[in-house]
Amino acid sequence: SLELLESLKGQLRDASLKQQLAALPPLIEAGDLGYQIIMDFLRTAKEQATPSIAAGRSLQWLAAIEHQEVQSFINEHFATGVVSLSPECSVDYSEIQTALIQQDFELADRLTLQKMCELAGENAIKRKWLYFTEVNLFPIIDLQTLDQLWLIYSEGKFGFSKQREIWLGVSKNWEKFWPRIAWKSDNIWTRYPGEFIWSLEAPVGHLPLTNQLRGVRVMDALMNHPAWTTTAS
Ligand code: UYC
């Protein structure tokens, strides 16, 4: 009913994040009128300085719909997503944003590792993995951007800063940390790629991945990076 749609519209605009996210499935279910409400919400969101998690999730829902008008709307206004990438970044992260909008979390994770190798330089690109010394030198803006992309397109669940919150919550105890983010269960490492959860069903902090094959130092460097204790530049 129109009354219900009006109330969902208000919920999407004004309620808590949890309620905003809960308004989306019934709006999608409603069809055309629901799509219009979500598109209006995204138009308004675009005027805000900082992207919101509700806007990121709205775009993901709309992107998954095969509907001419919705697709033209996305192409016209949100082809590159809701996160505007700073020109101060050393690497172009737009491919990650595209994968995240499509909810292809496995691709987004691969691209994240790849782009971090690009950020580290020629040697890391050839090696295809990172030294912790390279991570220490990552610019704050680049790590904050990667983190924001993961956060905005995961209902606020994924990203290094989320991992860091959990890591601090277990007093930096790695053995307590791994099972919390489902990288280990029953003391056995989760196997890459098949055993990881490539969806929003995953626990908070599950993605993006940092391979532990060569030890914990890269993860430690990520968790200790000044990006998480410095405000955005
Ligand atoms: N893998 O187990 N991982 C790979 C993870 C480990 C292993 C890539 C994460 C434990 C091998 C990513 C976990 C381990 C390869 C991750 C995990 C192990 C590989 C691709 C839970 C054995 C290479 C990028 C902590 C006991 C062969 C990359 C292959 C790859 C991530 C084995 C992203 C988070 C200690 C042999 N693992 N990795 O860095 O399958 O190569 O590609 O962490």
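With a relative accessibility of 61%, N187 counts as exposed (over 50% relative accessible area; buried is under 20% and partly exposed in between, with a 1.4 Å probe and protein chains only). N187 has a positive phi of about 65 degrees although it is not a glycine. Its place is in the loop between β1 (184-185) and β2; helices (H or I, at least four residues) and strands (E, at least two) are DSSP runs numbered from the N terminus. The model is predicted, so local features need pLDDT of at least 70 and side-chain atom pairs count only at pLDDT 80 or more, while totals for chains, interfaces and linings use all residues. Residues are numbered from 1 along each chain as its sequence is written, and side-chain values use heavy atoms, with hydrogens and water left out.

S171 counts as exposed, with 62% relative accessibility.

## Helix α3 and its cover

Helix α3 (residues 32-47) contains 16 residues. From its first C-alpha to its last, α3 reaches 23 Å, close to the 22 Å expected at 1.5 Å a residue (the expected span is 1.5 Å times one less than the number of residues). The buried residues of α3 are G34, Y35, I37, I38, M39, F41, L42 and A45. What covers these buried residues includes α1 (2-14), α2 (17-29), α4 (53-63) and α5 (68-77), where contact means heavy atoms within 4.5 Å.

The axes of α2 and α3 come within 8 Å and cross at roughly 140 degrees (axes are lines fitted to C-alpha atoms, for helices over the stretch in contact, and angles run from 0 to 180 degrees between N-to-C directions). The contact is made by Q20, L24, L27 and I28 of α2 and by G34, Y35, I37, I38 and F41 of α3. By class, the contact of α2 with α3 has seven nonpolar, two polar and no charged residues (Ala, Val, Leu, Ile, Met, Phe, Trp, Tyr, Cys and Pro count as nonpolar, Asp, Glu, Lys and Arg as charged, and the others, Gly among them, as polar).

## Helix α2 against α4

The axes of α2 and α4 come within 10 Å and cross at roughly 15 degrees. That angle makes α2 roughly parallel to α4 (under 35 degrees; over 145 counts as roughly antiparallel, 65 to 115 as roughly perpendicular and the rest as oblique).

From α2, the residues in this contact are L17, Q20, L21, L24, P25 and I28; from α4 they are I53, A54, R57, S58, W61 and L62. Sorted by class, the contact of α2 with α4 has nine nonpolar, two polar and one charged residues.

## Helices α6 and α7

Helix α6 (residues 94-101) and helix α7 (residues 105-120) have axes that come within 8 Å and cross at roughly 165 degrees. That makes α6 roughly antiparallel to α7. On the α6 side, E95, I96, A99 and L100 meet F105, L107, A108, L111, T112 and K115 of α7. The contact of α6 with α7 has seven nonpolar, one polar and two charged residues.

In α6, I96, Q97, A99, L100 and I101 are buried. The buried residues of α6 pack against α4, α7 and α10 (140-152).

Q103 follows α6 and has a positive phi, near 60 degrees. D104 is found in the loop between α6 and α7. At a relative accessible area of 35%, D104 is partly exposed. Although D104 and S199 are 95 residues apart along the chain, their C-alpha atoms are separated by 8.0 Å.
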